[in-house]
Amino acid sequence: MTDATPAPLAPRRHLPSLPVSLIVGIVLLAPLAVAAVAGSWLAPYPYDEMNIMSRLQPPGPEFWFGTDEFGRDVFSRTLVGTGSSLVMGVAATALSLLAGVPLGLIAGYKGGRIGEAIMRAMDVLMSFPPILLGILVLAVTQPAQWKAIVAIGIVYVPQVVRLTRAITLELMQEEFITAARLRGENAAYILFHEILPNIWPPLAVEASLRVVFAILLGASLSFIGMGAQPPSSDWGLMISEARPFVEQAPWIALCPGFALATAVIGINLLGDGLRALLDPRNTGAH
Amino acid sequence: MMTAPQARPAVAPVTVTAPAPEPAPLLDVRGLTISYGNARGTLRAASDVGFAIRPGEVMGLVGESGSGKSTIAMAILDLLGGGGRVDSGEILFDGVDLRRLPAAERRALRGDRIAAVFQDPFTSLNPALTVGRQIAEPLIQHKSLSPRQAAARVLDLLAEVGIRDPRRVTAAYPHELSGGMQQRALIATALGCEPKLLILDEPTTALDVTVEARIIDLLAKLCDSHGLSALFVSHNLGIVNRICQTVTVLYGGLVVETGPTGRVLSRPAHPYSKGLVAALPRITAGRRHRLPSIPGTVAKLSGPPAACVFAPRCPFAEETCRSQPQAMLTDAAGDGVRCWKADALAGTPWPDEESAARKPAPQAPAQPTAPLVEVDHLRKVYGANRSILPWLRRAGTVAVEDVSFTVGRGEVVGVVGESGSGKSTIGRALLALTEPSAGTVLFDGTDLTRQVKQGDQDLRRRAQLVFQNSAASLNPRKTVGDAMDRPLVLAGRADAEERRKTVAGLLTRVGLPSAYADRYPHELSGGERQRVNIARALATDPDFVVCDEAVSALDVSVQANILNLLAELRDEMGLSYLFITHDIAVVSHIADRVLVVYGGTICEEGPTGRVLRPPYHPYTEALLSAVPRLAEDGQEAPRILLEDAAPTPGGQGCAFAARCPRKLGAICDEQAPPVHRADDGHRIACHIPLATLAERAAVFPELVGDAAH
């Protein structure tokens with residue numbers, strides 16, 4: 001070979017530098033993670049201790065973020081509720097991914113009747129209002145948090161399927177899929193080794209958004225008595241319960257609201273950072 | 001975006017200002033430096049670029065992709081995107097520096113006095129608006145015409161760009177028009193406001209060769225009749241030769257040579273220009289010619305050059321070249337060249353690798369045993385529905401109609417045709433990627449499609465494909481090594497260490513360092529990726545490789561590289577190729593036999609040397625006459641310009657009848673053409689008698705004497 005003098009090899013990078021968004025996301029989520037694990041020990045007051053004498057106290061040195069209508073410490077309740085809220089969001093999302101991604105892959109890869117059947121089933125699922133679907137699952141049995149998680153997970157399956165299928169369809173046109181077929185790969189290899197790695201980036205972003213929606217939907221379910229049960233604490237439940245007092249005592253919603261916002265932004269940044277990290281084109285600077 | 005107007009650099013050391021005896025230049029670019037910057041660093045797309053276009057002059061701006069030619073065109077139009085920034089320099093249009101004008105005035109100039117036509121007509125027109133409305137838009141915007149006046153003007157414009165039924169075209173949506181018609185409509189849009197300067201950015205690259213020939217003719221005629229000046233950005237020297245009076249050669253964002261087209265292309269002074277001219281694929285009767293190529297990849301600058309930019313790829317480079325930046329040297333006639341050795345090298349051609357690397361070519365098997373691939377009456381219809389319910393039945397679109405041919409062992413068969421000719425479908429059918437609607441494809445005596453359907457993939461691995469798009473054919477999330485490892489795993493090679501060695505060996509085989517196994521596709525250049533594609537195809541140890549436009553997306557210099565590699569592999573490994581391309585010049589370099597396909601049928605088939613000489617099928621003749629040539633290649637034969645009509649496959653008559661310049665009459669539309677056969681396997685499907693076809697003058701007279709082939 002005399003006709004090719006390749007450019008000198010640049011030194012190979014071994015570890016891509018971490019994207020900024022990933023670091024910020026981790027920084028935001030770290031205190032929440034601590035609270036989720038150790039909330040009940042860190043809380044200055046028991047989360048369900050009522051104190052009729054100090055109802056609706058504004059934030060002050062005694063109660064940092066004030067108290068609610070039963071005189072419970074808002075900060076303690078937020079701390080203790082971290083775990084259940086995050087578990088709700090993350091577990092429900094994981095469930096929807098677990099069910100949705102394979103269905104979407106198959107629908108996109110197979111097409112035809114199988115694909116149609118999957119997509120129409122998803123349409124039926126989507127046509128139910130999420131709350132109704134939640135109620136459907138929970139109404140027949142005793143409410144419990146894991147059931148709420150399952151209900152929310154199911155609600156979000158169609159979105160995951162649609163996204164996965166759309167990307168799969170696009171990737172199926174790519175020539176590297178043709179190349180895989182030409183060397184005699186089976187469908188499973190093509191789906192899970194050629195297509196799936198290319199689906200993760202958009203899916204990671206989607207999933208980080210889903211976590212947020214799942215927490216909020218969990219709150220709605222709690223509000224109608226289907227999710228977390230009073231007096232247990234849950235961010236969504238706390239915000240819902242604060243609504244009647246929003247004019248007298250806006251601080252009741254402030255602390256859980258702030259925690260929820262931190263989680264939302266943190267998870268979003270984490271998702272975006274993961275997308276960048278997973279992309280081989282990433283060279284670090286963002 | 002443009003920065004605030006800056007003081008011009010006190011001295012513009014290498015600005016090439018032609019002496020311009022009479023008229024002042026219409027466009028005068030001086031010291032233009034453009035950079036693209038992001039967090040990862042700065043890339044200089046243009047460094048101190050200067051050139052001038054006089055009124056009525058068409059200037060070619062040529063170079064490989066990445067040389068900065070489109071960036072300069074976009075900077076003139078003030079349409080730099082993607083973080084591009086003009087750092088310094090002047091763009092004088094009619095004596096006014098465009099960079100000093102306020103944004104609103106610049107915008108008013110654009111589309112009015114400076115108009116542009118871009119590469120891809122298919123994306124340049126808005127699919128949701130009628131063509132007429134899109135042409136009328138600038139007339140209403142810039143010339144304040146009423147919609148009614150504009151509509152009348154649109155009809156005139158369309159007639160002027162050679163559209164025969166302007167009324168139909170104004171009311172049509174873009175998808176209803178062929179690529180050639182769309183590009184004509186875009187040219188009409190550009191002409192609408194009677195501009196003084198046209199920016200043509202690869203206006204014919206996306207078109208078929210026969211359509212390209214007509215569009216170039218049209219542009220040359222229009223520039224002449226309107227006294228237009230034009231900046232013609234192109235990578236195709238043959239096209240530049242046809243339309244441009246002067247040419248500016250760019251490399252790594254620097255002007256390396258400038259001068260009259262005839263001189264630059266016949267006696268290039270800069271080594272880079274020499275290389276570009278030498279690498280242009282020309283029609284040759286003999287296969288096995290190694291094409292001259294330019295090694296390496298295009299230079300990317302991050303700041304002012306510290307040495308000659310071309311030195312790493314230059315066969316004439318000396319120590320001085322690697323240590324000192326080169327200045328532009330201007331001669332008495334105003335021609336410039338950025339090489340201190342230009343005078344010394346005046347008579348030295350680009351080195352011909354053939355003399356050094358030529359090996360005694362093994363003779364093609366004279367009487368092949370059984371052919372490797374046999375295609376018998378292949379027919380492929382897309383979208384057909386043979387339902388028992390009459391209202392669901394659909395005839396579908398015929399892509400391939402009754403095609404039969406064979407590929408012998410160790411043989412290279414070229415398939416030449418335009419877009420929509422069915423050539424890719426033929427390739428896909430041969431690889432069992434698409435199921436034939438009728439007919440059979442036998443691979444080594446076995447029906448491959450049936451085998452694959454039954455789940456037997458072993459035979460299929462012996463037939464591989466090299467794609468056109470080198471980027472899309474590699475999974476962006478897999479390293480080169482992973483992509484090549486997989487076929488070995490499938491072949492049952494269990495030892496990972498041994499597989500790694502094989503991958504390294506294959507990479508070396510295609511001329512890449514074995515360390516490339518750890519790289520991701522986006523880290524490679526287009527030519528390197530295409531080498532990886534070839535290596536991956538070879539990993540299954542195939543007998544047969546379909547190359548589907550495998551070199552079409554590459555720069556001429558790289559194209560030559562890949563063609564040489566494919567020819568070498570064929571010689572050493574005894575591979576058979578089906579080489580699918582639109583470029584008959586490329587095919588003449590590599591193919592033993594050529595099939596010319598049109599509208600899903602074979603018009604002409606035969607040994608390469610025979611197809612390139614009369615008698616020709618009228619379509620082959622048109623294809624050959626569209627091959628661009630440089631002055632030194634001899635007199636250009638009169639070009640055969642084809643009508644701009646879609647092929648009519650699957651009909652009763654000859655598929656080419658609608659566009660045929662030598663159509664006999666109704667018989668061509670109504671009856672399938674008879675096939676004239678010769679003993680050496682040459683066949684032509686045409687109603688015109690063979691004797692009449694043979695009377696035509698050769699498009700390439702120099703090939704006729706080469707009867708020995």
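How many residues of strand β20 (residues 576–581) of chain B are buried? The count is 6 of 6, so to speak a mostly covered strand. Here are some close-ups of this predicted model.

**View 1. Strand β20 of chain B is covered on both faces.** On one side sit B:Ser576, B:Leu578 and B:Ile580, and on the other B:Tyr577, B:Phe579 and B:Thr581; all are buried. In a regular strand, side chains alternate between the two faces of the sheet.

**View 2. Strands β15 and β19 of chain B each pair with β20(B).** Strand β15 (residues 412–416) runs parallel to β20(B) and is joined to it by 5 bridges. Here B:Gly414 has B:Phe579 as its bridge partner. Strand β19 (residues 544–548) is also parallel to β20(B), again with 5 bridges, and B:Asp548 stands opposite B:Ile580.

**View 3. A right-handed β-α-β unit includes β20(B).** Its parts are β19(B), helix α19 (residues 556–573) of chain B and β20(B).

**View 4. The largest nonpolar core holds 210 residues.** The members that touch the most others are B:Ile199, B:Leu231, B:Phe232, B:Leu430, B:Phe579 and B:Val596. Helix α19(B) gives the most to this core, with 8 residues. A second, separate core has 59 residues, among them A:Met88, A:Ile154, A:Ala242 and A:Leu269.

**View 5. Contacts of B:Val596.** Setting aside neighbours within four places in sequence, B:Val596 is in contact with residues including B:Val416, B:Gly417, B:Cys603, B:His617 and B:Leu623.

Definitions and conventions
Residues are numbered from 1 along each chain as its sequence is written. Chains are lettered from A and ligands numbered from 1 in the order in which they are written. This is a predicted model: local features need pLDDT of at least 70, side-chain atom pairs count only at pLDDT 80 or more; totals for chains, interfaces and linings use all residues. A residue is buried if 20 or more other C-beta atoms lie within 10 Å of its own, exposed if 12 or fewer, and partly exposed in between; C-beta atoms are placed from the backbone. Helices (H or I, at least four residues) and strands (E, at least two) are DSSP runs, numbered from the N terminus. Two strands pair if DSSP finds at least two bridges between them. A crossover is right-handed if, with the strands pointing away from the viewer, the path from the first strand over the helix to the second runs clockwise. A nonpolar core is a set of buried Ala, Val, Leu, Ile, Met, Phe, Trp, Tyr and Cys residues joined through C-beta atoms within 7 Å. Two residues are in contact if their C-beta atoms, placed from the backbone, lie within 7 Å.
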